[in-house]
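Here is a short briefing on salt bridges.

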Amino acid sequence: MGRIRVLVVDDHRIFAEALAAALAAESDVEVGAAGSAAAAERALERAAVEGRAFDVILIDADLGAESAAGARRTARPAADPLDAARRRPPAIVPAPRRPAPAPAGAPPAAVHPAAPPHPATPQYGAAPAPDGITLLARIRRNHPGLRAVVLATADDPHRAARALHAGATGWVAKESSLARLLSVIRGVLRDETHLPPALLTGVIRELTTARRDRTESERLVDTLTPREKQILRCMVAGLGRQAVAERLYLSPHTVRTHMQNVLGKLGVHSTLAAVAVARRAGISPSEPAAPTAAPSATTTTAPGAG
């Protein structure tokens, strides 16, 4: 085996550079480091173009978590108007004038109760950034030959199962020794899968549960008609009723009926829940229809004409 090219992806710069330096001390290892998902993807693309593709990527499971948390801490909820009113000094309001008596025989004036104040809804800034496992799934789609090892601060069977499903072949605790990490790197290059023994039972349980959920979801989806499956794929693609109608050349009323049938057969009460079932069953989003050429006009010549 020649030199092993490894890319370390971690947004803790000191950790990433220290780990890269430690790995580079090995005579057969060449290392690069990236501090974000975007930087990692750029490094992979550049290396592939230069003909020096990386063999293994080490990804922090919590990549981006701290920046997302910082964004949430920086964002402030919108001011509560009721709270602002409570802090204001009381205003001096003149006493209301007594209304003039109504003429005899006039109907009583209608009384409209005041609308209750709307509670303020906190508005937060950026949505949480995807974690390292999300990045891993995307990278594995674009670089299928790349081996991936997840670096984690804690052993979590659910996340480890997610990582395996995304294409990882190793899970290493950050507190592990360098010798252990090197052993995993060399192992995954031999197509081995490396998990800590303490995680094994939990991961198998998670994968079994996921398989059972997928089987049940597949059974439910199989009860749909071909047209209903088309509708479901459009729902997975995030299309609304009008957009589905335009894509499938149906009326919005017909699409609504099909959508109601889909929800009923899947045993759910919302589009979001139906999409979750479809995802578990492996249903892919509907692709936009290819544009078709308009039919050409034909000319009919009457018998005997010309």
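Partly exposed means a relative accessible area between the buried limit of under 20% and the exposed limit of over 50%. Arg162 has 31% relative accessibility, so this residue counts as partly exposed. The model is predicted. The structure holds 17 salt bridges.

**Arg162 and Asp131**
- The side chains of Arg162 and Asp131 form a salt bridge, at 3.2 Å from N to O.
- Arg162 belongs to helix α6 (residues 157-166), and Asp131 to the loop between α4 (81-87) and α5 (132-142), so the bridge ties together parts 31 residues apart in sequence.
- Asp131 counts as buried because its relative accessibility is 17%, and buried means under 20%.

**Arg186 and Asp28**
- A salt bridge joins the side chains of Arg186 and Asp28, with 2.8 Å from N to O.
- This pair links distant parts of the chain, 158 residues apart: Arg186 is in helix α7 (residues 178-188), Asp28 in the loop between α1 (13-24) and β2.
- Arg186 is partly exposed at 25% relative accessible area.
- Asp28 is also partly exposed, at 21% relative accessibility.

- Glu30 and Arg3 meet through their side chains in a salt bridge of 3.8 Å, N to O.
- Distant parts of the chain are linked here: Glu30 lies in strand β2 (residues 29-34) and Arg3 in the segment before β1 (4-9), 27 residues apart.
- Glu30 is partly exposed at 24% relative accessibility, and Arg3 is partly exposed at 48%.
- A network of salt bridges links Arg3, Arg5, Glu30, Glu50 and Arg52.

Conventions:
Residues numbered from 1 in each chain as written. Predicted model: local features only at pLDDT ≥ 70, side-chain atom pairs only at ≥ 80, totals over all residues. Heavy atoms only, no water. Salt bridge = Lys/Arg side-chain N within 4 Å of Asp/Glu carboxyl O. Helix = DSSP H or I, 4+ residues; strand = E, 2+ residues; numbered from the N terminus. Buried < 20%, exposed > 50% of the residue type's maximum accessible area, 1.4 Å probe, protein only.
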